[in-house]
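Okay, thanks for having me, everyone. Let me put the structure up and then walk you through the helices.

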Amino acid sequence: MAIDHESGARQYYGVMVSSTFTDLLKHRAALISAILGQGLAPVAMEHDSAKPTDVIESSLSMVRDASAYIAVISRRYGQVPPDSKRNPATLSTTELEFNEALRLGRPILLFIMGAEHFLREADIESDPGKRDKLQNFRERAKQIGPDSGVH
């Protein structure tokens with residue numbers, strides 16, 4: 001929440017935290033803490049348990065409600081919600097959220113886990129098809145726009 005200095009109106013500044021979940025619990029907690037430390041409101045799966053269970057609608061709604069978007073892309077592709085109409089390319093929830101943030105023109109902060117980052121074997125994608133999708137997603141995310149390569 002912030003105050004617009006010209007109008008005096010309160011404005012909501014929610015920041016969406018998007019990633020796979022169980023493998024990145026500590027990373028997500030650190031991001032949520034950093035967001036709170038800046039006086040902003042984290043918008044995250046952890047705070048969404050009372051909502052209906054339509055994963056696609058719930059996830060995209062959080063992106064739409066947020067003012068900015070943070071993605072952490074690790075070595076897991078994550079949950080792929082089955083829906084032939086809303087997810088015909090069988091993308092992960094994180095990739096669907098990323099696409100929605102791009103479509104809406106939200107400011108995006110992107111963290112892509114490097115090859116030297118310590119991981120448990122369970123935190124590495126084992127499904128070959130998902131591994132390919134993850135690699136494509138990681139490379140595409142680095143090129144958010146024509147002049148915006150990741151550094």
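I'll start with the overall layout and then turn to the helices.

So, this is a predicted model, where local features need pLDDT of at least 70, side-chain atom pairs count only at pLDDT 80 or more, and totals for chains, interfaces and linings use all residues. Residues are numbered from 1 along each chain as its sequence is written, and side-chain values use heavy atoms, with hydrogens and water left out.

There are four helices and six strands, taken as DSSP runs (H or I, at least four residues, for helices; E, at least two, for strands) and numbered from the N terminus. Their order from the N terminus is β-β-β-α-β-α-β-α-β-α.

Now H4, residues 128–141. Which residues of H4 are buried? They're Leu-134, Phe-137, Arg-138 and Ala-141, buried being under 20% relative accessible area and exposed over 50% (1.4 Å probe, protein chains only). They cover an arc of only 100° around the axis, going by directions from the helix axis to the C-beta atoms, so they sit on the same side of H4. Over on the other side, Pro-128, Asp-132 and Asn-136 are exposed. The cover over the buried residues includes strand E5 (68–73), helix H3 (93–104) and strand E6 (108–112), with contact meaning heavy atoms within 4.5 Å. At the N-terminal end, Asp-127 is the cap, with a side-chain oxygen 2.9 Å from the backbone nitrogen of Gly-129.

Technical notes. A polar contact is a pair of N or O atoms within 3.5 Å; within protein, one must be able to donate a hydrogen and the other to accept it, and residues adjacent in sequence count only if both atoms are side-chain atoms.
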